[in-house]
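User: I'm new to this one. Can you walk me through where the ligand sits?

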Amino acid sequence: MLHKIGVLTSGGDAPGMNCAIRAVVRAGLRFGLEVYGINDGYRGLVEDDMVKMDRSSVSRIVNRGGTILRTARLREFKEESVRQKAVDNLRRRGIEALVVIGGDGSYMGAKKLTEMGINCVGLPGTIDNDIASTDYTIGFDTCLNTIIESVDKIRDTTESHERCAIIEVMGNHCGDLALFSGIAEGAEMIITPDHPVPEEEVIRELIALKASKRAMAMIIVCEKIYPNIHEFAERIGQATGFETKAEVLGRVQRGGTPSGFDRVLAARMGAYAVDCLLEGKGGICVGMVNNKIVDYDIYEALQLPRDKHASMLRLINILNK
Ligand code: F6P
């Protein structure tokens, strides 16, 4: 019988992580478990920085961005000796199982801990939507809406000045934030790892736009495609005659009040994770597929091909040109 569980957040923070923490704590308490909050991701396990949570520890956090447990990326957690310290600390406290809220990097740590005897369940907490075992990650929807709000504002000034705006959004190596925001904005061009556009084509299309007297253009680009987006904008400006400005939205995308969608997703997934631990499951991650909450073995999940949204990529050609 399970008695004590822990919960931590790891990797880049994402709006909705607090809702997931709350769901784990409240569901755990409801089913008679003691629940510990672990600070600073895996570092808190290694440094034994954890606190017992009660209902009030997670009161009034549903609308807060970030994570009340804070987060970290602990590269050393790949080393077995470092993980052993974590396991020793958990055993000393009698904590038998964990919920790990984070991206795919954090999932690997969860799998390895399970193999060392601590059952772990992973929840997909990242703005990037780069986890194949779920249709949506916690934080993606809020981030998408933040991008749309910012790009709407950039559009106003871009139109007024008849400029070209090249807007770089986050996503790590996954183009979903760029693709979804580009479709939502009707951007003239969307450039992602799944939809690369050669520089000559960008230039050709912009010259055609200028000739057709559509004297403004919005281009949304996934980060990590161009080493320096400002230099890219400079080249585009010189080649097309468009006054071109690069905008890097940056970490404003990661903060803010979580959307209704992210809050509900986090609540469903958090409660499901506790059910899994109570059933004695570990080494798995939770996802939402076709609106059902499901779980996968972490190794299997990390092998799944990511949905490249072929139907949305097609929309770029139909609607945005
Ligand atoms: O994984 C989330 C994410 O925001 C990515 O989109 C981005 O590339 C990265 O984290 C930035 O991380 P940091 O804030 O640690 O530089």
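Analyst: Start with R251: a side-chain N or O atom there is 2.7 Å from an oxygen atom of the ligand. That is a polar contact, meaning a pair of N or O atoms within 3.5 Å. The protein covers 77% of the 400 Å² of accessible area that the ligand has on its own, by the Shrake-Rupley method with a 1.4 Å probe. This is a predicted model, where local features need pLDDT of at least 70, side-chain atom pairs need 80 or more, and totals for chains, interfaces and linings use all residues. Numbering runs from 1 along each chain as its sequence is written, and side-chain values use heavy atoms, without hydrogens or water.

User: Which residues surround the ligand?

Analyst: R73, I127, D128, M170, G171, N172, E223, K224, R251 and R254. By class, 2 are nonpolar, 2 polar and 6 charged. Here Asp, Glu, Lys and Arg count as charged, Ala, Val, Leu, Ile, Met, Phe, Trp, Tyr, Cys and Pro as nonpolar, and the others, Gly among them, as polar.

User: How far is the D128 side chain from a ligand oxygen?

Analyst: An N or O atom of that D128 side chain is 2.7 Å from a ligand oxygen. G171 uses its backbone: an N or O atom there lies 3.3 Å from a ligand oxygen.

User: What space does the ligand take?

Analyst: The largest pocket. A pocket is an open set of points on a 1 Å grid over the protein atoms alone, with protein on both sides within 12 Å along at least five of seven lines.

Key
Near = heavy atom within 4 Å. Polar contact = N/O pair within 3.5 Å; in protein donor to acceptor, adjacent residues only side chain to side chain. 1 Å grid on protein atoms, 1.4 Å probe; cavity = no way out; pocket = protein on both sides within 12 Å on 5 of 7 lines; lining within 4 Å. Sits in = over half its atoms within 2 Å of the grid points.
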